[in-house]
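Here is a short tour of one structure. Have the sequence and the 3D view open as you read.

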Amino acid sequence: MANTALNLPQLTREFEERGFVVLPNALSPAQVEGLNRALNHYLVEHPDEWVRFDESLVQTADVLPHTSEFDVSIENPLTLKVLEALIGPGISFEEFSMMIRYPTSRVEDIKGWHRDLTRDYARRLEIQAISLIYYLTDVTEQDHCFSIIPATHNRLVDMRPDEVVAGSEVDVTGPAGTAVLFHARCLHGGKLKAHSRERRTLHIYYSRADLARTSEWTRIPERLYSKTDPSLPPKLYSKWNVTDIFEGTGKRPKDIDPTLSTAEAVKEVQRRAKLTAQLR
């Protein structure tokens, strides 16, 4: 764990007010190096597990059954301490994915401004999860970055994605090892930069153990749910076998072949979405 002092009351107040906090040095240089090495291995060993959304964005969501090399990012004592202050002792792990954004001439992100878990505006108050993003590469003002509209989780919760005014966003930059914690109800998106280098990120969601799981795209393997580590929150991996899934983007359509891998199923969802858009 990186040596970062935490002022939990201040971080909690900032999160409640803005909907996000930034933690510099949440990962040590050695951890960043190890996670990048693991990501390189995964690219080579599991090429079919990656989903390409466009020329600038690839992502993979069912990583954990294939390797334990990313467990350290889920169980980081520093970020878990902040998450427990925000969520409470009944914190549960929900999902894990890795994303690479490549250099591109695109000027707009494929997803645009959005809230996570559901795109149904009327259900925005049902969104309860907190997302953790780790930067595995340096992100400067010239690089693709995470961008967020502050307070759209509470004070500005009625704002629609198409009502975002340019300049009201906060672009989160920082060196590799930086962590961003944000309420999934906040409007956010990826901001693309014309001269960006490759950007690598890990995306981890947490919620409360008494709520429906946010996503079934990430399987939780036995090595995690069988742990008896007293240093971890007791219900961290309690949702390994739950069937109560939040009705939204994290739920696998019932009519998709259950034998398809996560990547294949996501690709089928993409195909259907493109077909629907063409028919409109």
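In which helix is the place of Arg37? Arg37 sits in helix α2. Helices (H or I, at least four residues) and strands (E, at least two) are DSSP runs, numbered from the N terminus. This is a predicted model: local features need pLDDT of at least 70, side-chain atom pairs count only at pLDDT 80 or more, and totals for chains, interfaces and linings use all residues. Residues are numbered from 1 along each chain as its sequence is written, and side-chain values use heavy atoms, with hydrogens and water left out.

Arg37 is partly exposed, with a relative accessible area of 44%. Buried means under 20% relative accessible area, exposed over 50%, and partly exposed in between (1.4 Å probe, protein chains only). Along the chain, Arg37 and Ile87 are 50 residues apart. Their C-alpha atoms are separated by 31 Å.

**The seven-stranded sheet**

An open sheet holds 7 strands, in the order β1-β8-β5-β10-β4-β3-β2. Its pairing is antiparallel. Two strands pair if DSSP finds at least two bridges between them. β1 (20–23) and β2 (51–54) stand at the edges. Each has a single partner strand, so one side of each is left without a neighbour in the sheet. On average, neighbouring strands of this sheet are turned by 20° against each other, direction ignored.

Helix α1 (residues 8–18) packs on this sheet and touches β1, β5 (130–135) and β8 (179–183). Contact means heavy atoms within 4.5 Å. The direction of α1 makes about 135° with that of β1. Helix α2 (residues 29–45) also packs on the sheet, touching β3, β4 and β10 (199–208). The direction of α2 makes about 100° with that of β10. Axes are lines fitted to C-alpha atoms, for helices over the stretch in contact, and angles run from 0 to 180 degrees between N-to-C directions.

β10 is mostly covered: 9 of its 10 residues are buried.

| Strand pair | Bridges | Facing residues |
|---|---|---|
| β3 and β4 | 4 bridges | Thr60 and Met98 |
| β4 and β10 | 10 bridges | Ser92 and Ser207 |
| β5 and β10 | 6 bridges | Tyr135 and Thr201 |
| β6 and β9 | 4 bridges | Cys145 and Lys191 |

**The three-stranded sheet**

Another open sheet has 3 strands, in the order β7-β6-β9. Here too the pairing is antiparallel. Which strands stand at the edges? They are β7 (170–172) and β9 (188–191). Each has a single partner strand, so one side of each is left without a neighbour in the sheet. Neighbouring strands of this sheet are turned by 30° against each other on average, direction ignored.

**Two helices in contact**

α1 also packs with helix α4 (residues 77–87). The angle is about 60°, and the axes are 10 Å apart. α1 and α4 are therefore oblique to each other. Angles under 35 degrees count as roughly parallel, over 145 as roughly antiparallel, 65 to 115 as roughly perpendicular and the rest as oblique.

Which residues meet in this contact? Leu8, Leu11, Thr12 and Phe15 in α1 meet Lys81, Val82, Ala85 and Leu86 in α4. The residues of this contact divide into 6 nonpolar, 1 polar and 1 charged. Ala, Val, Leu, Ile, Met, Phe, Trp, Tyr, Cys and Pro count as nonpolar, Asp, Glu, Lys and Arg as charged, and the others, Gly among them, as polar.
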